[in-house]
2 protein chains.
Amino acid sequence: MTLETPPGYEAFTPDTLGSYLAAIPTVAERLGGGPPLWQVSEVGDGNLNLVFIVDGPAGSVVVKQALPYVRLVGESWPLPLERAFFEHAALVEHGRHAPERLPKVYHFDQTKALIVMEHLSPHIILRKGLIAGTVYPHLAEHVAQLLAETLFKTSDLHLAAAEKKQRMKFFCDNTELCRITEELIFTDPYREAELNRHTSPQLDALALQFREDTPLKCAAQELKLRFLGDAQALIHGDLHTGSLMVTANDTRAIDPEFAFYGPMGFDIGAVLGNLLLAYFSQDGHEARAGERDGYRQWILEQIEAIWEGFEARFRGLWNEAPRGDGVVAGLFTAPTDGPALAAFKDRYMHRLLGDSLRFGGMKMIRRIFGLAHVEDLESIADPELRAACEKRALGLARELVLFGAQVTSVRDVAPAARFHRLR
Amino acid sequence: MTLETPPGYEAFTPDTLGSYLAAIPTVAERLGGGPPLWQVSEVGDGNLNLVFIVDGPAGSVVVKQALPYVRLVGESWPLPLERAFFEHAALVEHGRHAPERLPKVYHFDQTKALIVMEHLSPHIILRKGLIAGTVYPHLAEHVAQLLAETLFKTSDLHLAAAEKKQRMKFFCDNTELCRITEELIFTDPYREAELNRHTSPQLDALALQFREDTPLKCAAQELKLRFLGDAQALIHGDLHTGSLMVTANDTRAIDPEFAFYGPMGFDIGAVLGNLLLAYFSQDGHEARAGERDGYRQWILEQIEAIWEGFEARFRGLWNEAPRGDGVVAGLFTAPTDGPALAAFKDRYMHRLLGDSLRFGGMKMIRRIFGLAHVEDLESIADPELRAACEKRALGLARELVLFGAQVTSVRDVAPAARFHRLR
């Protein structure tokens with residue numbers, strides 16, 4: 001390692017991790033036996049970190065350790081180790097509100113930039129399940145729960161102002177990770193940038209078109225200003241389908257190292273946008289045309305079910321526990337207050353849907369024209385077919401970014417997706 | 001003093017201040033001579049602090065010291081001394097951007113919660129000038145400059161994201177002062193609250209009506225959410241006409257102890273709303289009906305000139321120095337980018353005008369139904385006449401809060417003000 005790291009930091013290997021874990025009693029006990037009986041394997045396939053699975057006679061754990069650079073790019077792009085600090089804080093804070101939807105945390109070591117947490121098994125990454133065409137009957141319900149609980153309960157609708165400002169202050173330091181989002185999502189896809197890539201030459205003309213699409217660029221900057229300044233709730237910050245681990249009966253959100261106080265729609269949009277990418281990529285995963293028709297339909301239903309489940313639960317929390325300083329419940333106690341307050345909540349939810357669709361569209365575009373792509377599309381070997389899927393996705397994404405605020409119902413999304421797939 | 005204060009803090013009196021100042025070389029030198037030759041008088045007429053003027057043979061200074069409670073209410077409402085810390089930080093930060101529009105700072109003592117600053121003389125508080133019917137030919141130009149420079153240059157349109165987050169983080173701790181605003185402006189006027197007062201019985205029915213005006217209460221809460229979460233720029237936080245010191249040729253903003261990262265429209269609205277209160281109170285300061293017609297017209301012209309001057313300067317800064325991370329200038333270099341980018345800026349300014357009018361309306365209402373009133377109206381001895389002025393102001397204020405976002409030009413405000421005065 002040539003990059004300078006703080007004293008005490010070392011990047012572990014499968015060979016060196018065991019003796020470190022043996023010195024943490026709660027972890028050693030959970031694994032059982034001792035290091036010689038532990039199997040350690042590095043499984044990180046993300047862009048930024050080392051991830052180890054450690055199996056012992058009594059149980060297993062996952063160890064996630066930050067590297068001082070962006071793994072996807074290399075040591076030329078240094079990245080502060082403190083992100084493990086913010087990831088841990090977000091796991092704890094979100095875990096308080098939706099404990100069943102996050103991995104349990106067993107140990108945190110700030111110097112080593114390392115978190116020991118629950119080994120989710122037999123969970124797989126949702127993205128892989130979507131590529132395989134697997135139906136998850138509880139997915140929408142779980143994601144709706146995750147989003148509603150974590151976003152509502154870290155917002156001004158639930159917290160006292162002073163409490164919220166303290167959390168907001170804490171996450172103000174997670175600027176380096178935010179900067180990645182600012183550049184890779186809100187800026188680079190709309191200009192020539194060294195790190196950009198796309199399916200070429202098939203998408204060359206369209207990439208140029210996007211760089212010259214002034215209304216789209218303006219919309220991207222409008223959303224960037226929201227990302228920079230709208231401290232609505234503690235958001236995960238990177239909630240794509242690679243940050244969700246699933247089984248038939250369980251769903252967990254991992255990797256909140258991008259967490260900070262930002263617009264709620266950024267998290268919701270990450271889920272919806274990545275589901276739409278999964279939808280448009282199905283054509284690349286069919287053995288014969290139409291084979292995945294039913295699955296495509298299922299994905300679109302999940303988008304509706306996630307939003308509608310989220311909205312119902314969010315409104316439920318707002319109606320039942322309106323204790324935040326943001327909207328003082330004591331102002332609305334007369335019977336005549338009911339309808340106007342309900343209309344106010346309708347407007348709030350409508351705006352949030354618009355935000356979610358717009359940010360969702362941004363997340364789709366960056367996966368096709370930016371640095372980091374998604375396996376849903378990348379795994380389509382035939383570049384013609386992949387480019388065709390990508391063009392359809394871009395058609396909807398652009399529409400969402402520009403006009404998402406005018407969409408009045410999440411039920412309008414599926415017809416739009418079908419239209420862009422078939423036109 | 002029965003309230004506990006930190007070690008080292010003492011509230012000064014005119015008798016004890018001199019020897020303290022004598023130990024600060026830069027201040028002692030500025031005053032000249034020594035304590036026996038200095039005249040100290042306490043002149044604070046605000047709600048929260050001690051303010052001393054110290055005159056020496058060579059010059060004079062103002063000393064502002066925070067008290068550990070709200071002066072207007074008494075020791076029953078404690079208030080953290082740290083607000084002097086935030087006031088000083090805001091004076092420094094805003095002073096960097098608009099040095100001619102703020103008092104110079106000579107000394108800051110965190111333990112004593114005390115700022116020694118320029119003695120503005122022969123300045124008077126703008127509010128008093130407005131009550132007297134004095135015309136200030138440079139007022140609009142100066143206020144426009146103040147607002148444009150301080151708001152633009154602390155926003156994401158000018159700052160790098162990491163830099164802005166650090167400033168934002170710093171001011172996250174100024175929660176107690178923010179809480180005063182949250183309660184006294186956004187909440188209490190719309191409910192029965194012990195501290196509320198109004199011209200009674202003349203305004204009793206209207207006060208009740210406002211507490212039952214559900215759309216208005218919803219709008220107030222919508223704006224409160226913006227105040228709590230929209231970290232657009234470092235705002236003064238209390239920029240009413242009592243925070244502006246004026247002469248015929250000079251204008252300065254003082255008292256930014258409420259400063260934090262919030263919506264720009266809150267500052268602009270504070271100025272506009274307080275000018276509108278001055279407008280509606282003129283009827284109470286005329287020796288004969290119509291005597292102040294010209295002055296009324298002048299006030300309305302100031303509202304237009306302040307907004308238009310602000311907008312021109314703000315747009316100028318944006319066009320000339322677009323170096324912030326919020327809207328990346330490098331994205332808009334093609335000739336075809338011009339019109340759409342201009343339309344984007346138009347939308348930005350339109351939204352800001354709407355915010356300013358809405359927050360301005362909120363500031364007007366709180367001065368009539370809340371705890372802290374304004375001398376413009378309070379000094380009208382005849383309660384019937386005062387109530388009449390207040391009712392007219394409330395008519396416009398309610399309209400601004402509810403429909404300010406739909407106003408397309410600041411030039412629509414004056415006719416609305418005239419209408420509400422005469423109806």
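In the predicted model, the area buried between chain A and chain B comes to about 3900 Å², with carbon and sulfur atoms giving 63% of this area. On the side of chain A, the residues that lose the most area to chain B are Lys165(A), Leu228(A) and Leu331(A), which together account for 17% of what that side buries. The contact between the chains draws 45 residues from chain A and 45 residues from chain B, and four salt bridges are found across the interface of chain A and chain B. A salt bridge is also formed between the side chains of Lys217(A) and Asp337(B), for which the N to O distance is 3.1 Å.

Six salt bridges are found across the interface of domain 1 and domain 2 of chain A. A salt bridge in chain A joins Glu257(A) to Arg83(A), with 3.3 Å between the closest N and O atoms.

Two helix pairs of chain B were examined for their packing. Helix 3 of chain B, which spans residues 83-97, and helix 6 of chain B, which spans residues 161-171, cross at roughly 150°, and their axes come within 11 Å. Because angles over 145 degrees count as roughly antiparallel, helix 3 and helix 6 of chain B are assigned to that class. To this contact helix 3 of chain B contributes Phe85(B), Phe86(B), Ala89(B), Ala90(B), Glu93(B) and Arg96(B), whereas helix 6 of chain B contributes Arg167(B), Phe170(B) and Phe171(B). The residues in the contact of helix 3 with helix 6 of chain B comprise six nonpolar and three charged residues, with no polar ones.

Helix 7 of chain B, residues 175-184, packs with helix 9 of chain B, residues 214-229, at an angle of about 170°, and the axes lie 11 Å apart. Helix 7 and helix 9 of chain B are therefore also roughly antiparallel to each other. The residues that make this contact are Cys178(B), Thr181(B) and Glu182(B) of helix 7 of chain B, together with Lys224(B), Phe227(B) and Leu228(B) of helix 9 of chain B. By class, the contact of helix 7 with helix 9 of chain B has three nonpolar residues, one polar residue and two charged residues.

Turning to the backbone, most residues other than glycine have a negative phi, and most peptide bonds are trans. Asp255(A), although not a glycine, has a positive phi of about 65°, and Asp255(A) is placed in the loop between strand 11 (251-253) and strand 12 (260-262) of chain A. In chain B, the peptide bond that joins Ser121(B) and Pro122(B) is cis, with omega at about 10°, and Pro122(B) belongs to the loop between strand 7 (114-118) and strand 8 (124-125) of chain B. The bond from Ser200(B) to Pro201(B) is likewise a cis peptide bond, with omega near 5°, and Pro201(B) lies in the loop between helix 7 and helix 8 (204-211) of chain B.

Notes
Residues numbered from 1 in each chain as written. Chains lettered and ligands numbered in written order. Predicted model: local features only at pLDDT ≥ 70, side-chain atom pairs only at ≥ 80, totals over all residues. Heavy atoms only, no water. Axes fitted to C-alpha atoms, helices over the stretch in contact; angles between N-to-C directions. Helix = DSSP H or I, 4+ residues; strand = E, 2+ residues; numbered from the N terminus. Parallel < 35°, antiparallel > 145°, perpendicular 65-115°, else oblique. Contact = heavy atoms within 4.5 Å. Nonpolar A, V, L, I, M, F, W, Y, C, P; charged D, E, K, R; others polar. Buried area = accessible area lost by both parts, 1.4 Å probe.
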